[in-house]
Amino acid sequence: MITRCALCNTEFDARTSYGLCKNCWQRDRLREWDRLEAAKKHVRRSGVPIELTLVEWLSIISDFQGHCAYCLVQPYSVIEMVKPYKGLMRDNVVPICRACQVHKQNGFESAEERIEAYVESEPTIHLFEDEPEAWEVEA
Ligand SMILES: [Zn+2]
Ligand SMILES: [Zn+2]
């Protein structure tokens, strides 16, 4: 099956039917691709915009070194939509850990202000330079 690589957009023969070509394939990236596809599937029913690409998402995680954008301590585990009605868009998503997602406590309000400033700043895409060696991400 011929498919397009989610990162470099070249066509390749997807024998194992995954979204990344041989040159772009990395375990961390593939895991994020899976996570993004699952998130898209999840929100599709709600009819909100979905335009987030894998490159953009990898760049956003890299901005937080694979940590939760709220507590900046825990490894993240979920793609959080800052404003749910704005959908999966580059200027509306950050990584969040389960504890922050569930409890939203301990300085969560000041974290929210910081994150709104972040998503509104249109952060640059810098996938290949600043990418952390390995993301510690919860399974
Ligand atoms: Zn590729
Ligand atoms: Zn957190």
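Helices (H or I, at least four residues) and strands (E, at least two) are DSSP runs, numbered from the N terminus. Keep that in mind as you click through.

**Before you start**

This is a predicted model, in which local features need pLDDT of at least 70 and side-chain atom pairs count only at pLDDT 80 or more, while totals for chains, interfaces and linings use all residues. Residues are numbered from 1 along each chain as its sequence is written, and chains are lettered from A and ligands numbered from 1 in the order in which they are written.

**Stop 1: the whole chain**

Show the chain as a cartoon. Five helices and four strands make up its secondary structure. Trace the elements from the N terminus: the order is β-β-α-α-β-β-α-α-α.

Now think about burial. A residue is buried if 20 or more other C-beta atoms lie within 10 Å of its own, exposed if 12 or fewer, and partly exposed in between; the C-beta atoms are placed from the backbone. Of the 139 residues in the chain, 22% are buried.

Contacts come next. Two residues are in contact if their C-beta atoms, placed from the backbone, lie within 7 Å. Take the contacts between residues at least 6 apart in sequence: 55% of them join residues at least 24 apart.

**Stop 2: helix α2**

Select residues 54–63, which form helix α2. Which residues of α2 are buried? They are Leu-54, Trp-57, Leu-58, Ile-60 and Ile-61. Look down the helix axis: the buried residues of α2 fall within an arc of 160°, so they line one face of the helix. The arc is that of the directions from the helix axis to the C-beta atoms. An α-helix has 3.6 residues a turn, so residues three or four places apart point the same way.

**Stop 3: Ser-59**

Stay in α2 and pick Ser-59. Ser-59 is partly exposed, because 19 C-beta neighbours lie inside 10 Å. The C-alpha atoms of Ser-59 and Ile-125 are 5.5 Å apart, though 66 residues separate the two along the chain.

**Stop 4**

Move on to the loop between α2 and β3 (78–81), where Gln-65 sits. Most residues other than glycine have a negative phi. Gln-65 is not a glycine, yet its phi is positive, at about 50°. This residue comes just after α2. With 15 other C-beta atoms within 10 Å, Gln-65 is partly exposed.

Finish at Leu-72, also in the loop between α2 and β3. Leu-72 has a positive phi of about 60°, and is not a glycine either. Its 13 C-beta neighbours inside 10 Å make Leu-72 partly exposed.
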